[in-house]
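Start with its contacts, then see how it sits.

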Amino acid sequence: MSEIKTIIVNRSAYADNDLEANALRAYLKEKGTFVVNLMSSPGAGKTTTLTKLINALKNEYRIGVMEADIDSDVDAISIAKNTGVKSIQLHTSGMCHLDAGMTKSGLDSIDINDLDLVFLENVGNLVCPAEFDTGASLDIMILSVPEGDDKPLKYPLVFEKCDLVIINKIDTLEYFDFNLEKCTEWIKRRNKNATIIPISAKTGQGIELVAKYFKEKIRNWKEN
Ligand SMILES: Nc1nc2c(ncn2[C@@H]2O[C@H](COP(=O)(O)OP(=O)(O)O)[C@@H](O)[C@H]2O)c(=O)[nH]1
Ligand SMILES: [Mg+2]
Ligand SMILES: [Zn+2]
């Protein structure tokens, strides 16, 4: 009856991205490059955590970093300066997330032929990055103490999608009403398989546990 034309764009867009993401994962497996998609809200500590983690892993792996931002290159500069690893910036021209096609373009320009491990710092946002499969081998996120322990209740999807949840800034626990036990329970309710590691990227506490987690994941991925 209605004269308004209705087209469904969401579903087909999602279907295409999922296909592209799966193809990218297969290609990366063949190339032997393990790609990690890192998500969080702005300021949770992605760049600080990556810097510490890369310094703990760079003797063992040839690492690259892709920093996604709407329009800036401060993170890529900071990573390059503080770790010495190959780092590039991806400008998303206003897009608030990365999809598999954008990730593939980034990987082509960083050149993965000499890389074992690539970290992708996704755009700071807890909502739509979780909806788009980037084609990464592992999805991880950072929740920081000042954001509050109720985030798994408010943004369930990102917690469901992640293999690892890092709880950062635990050096500030005494200043915030952040209940680590409750938060863990809420994450587990959403995703019983999630690994949860509390850290302070500032002091370095917990970084070794995260490095160990990655070594195991990469070993398993290579063997399977
Ligand atoms: N107290 C404290 N501050 C941190 C920690 N990790 C990061 N920060 C600070 O939080 C701010 C945002 O960190 P950044 O790594 O840029 O977050 P990003 O936007 O997620 O990449 C910076 O001022 C960091 O110094 C931490 O473990 N403890
Ligand atoms: Mg950053
Ligand atoms: Zn978005």
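Which residues in H2 meet which residues in H3? Thr-47, Leu-50, Thr-51, Ile-54 and Asn-55 in H2 meet Asp-75, Ser-78, Ile-79, Asn-82 and Thr-83 in H3. Contact here means C-beta atoms, placed from the backbone, within 7 Å. An α-helix has 3.6 residues a turn, so residues three or four places apart point the same way.

This is a predicted model: local features need pLDDT of at least 70, side-chain atom pairs count only at pLDDT 80 or more, and totals for chains, interfaces and linings use all residues. Residues are numbered from 1 along each chain as its sequence is written, while chains are lettered from A and ligands numbered from 1 in the order in which they are written.

H2 covers residues 46-57 and H3 covers residues 74-83. Helices are DSSP runs (H or I, at least four residues), numbered from the N terminus. The H2 and H3 axes lie 10 Å apart, at an angle of about 25°. That makes H2 roughly parallel to H3 (angles under 35 degrees count as such).

Now turn to H8, residues 207-223. H2 packs against H8 at about 60°, again with axes 10 Å apart. On the H2 side, Lys-52, Leu-53, Ala-56 and Leu-57 make the contact. Their partners in H8 are Ile-207, Glu-208, Val-210, Ala-211 and Phe-214.

How enclosed is H2? Of its 12 residues, 9 are buried, so H2 is largely enclosed by the rest of the structure. Buried means 20 or more other C-beta atoms within 10 Å of the residue's own, all placed from the backbone. Among the buried residues are Leu-50, Leu-53 and Ile-54.

Conventions
Axes fitted to C-alpha atoms, helices over the stretch in contact; angles between N-to-C directions. Helix = DSSP H or I, 4+ residues; strand = E, 2+ residues; numbered from the N terminus. Contact = placed C-beta atoms within 7 Å. Parallel < 35°, antiparallel > 145°, perpendicular 65-115°, else oblique.
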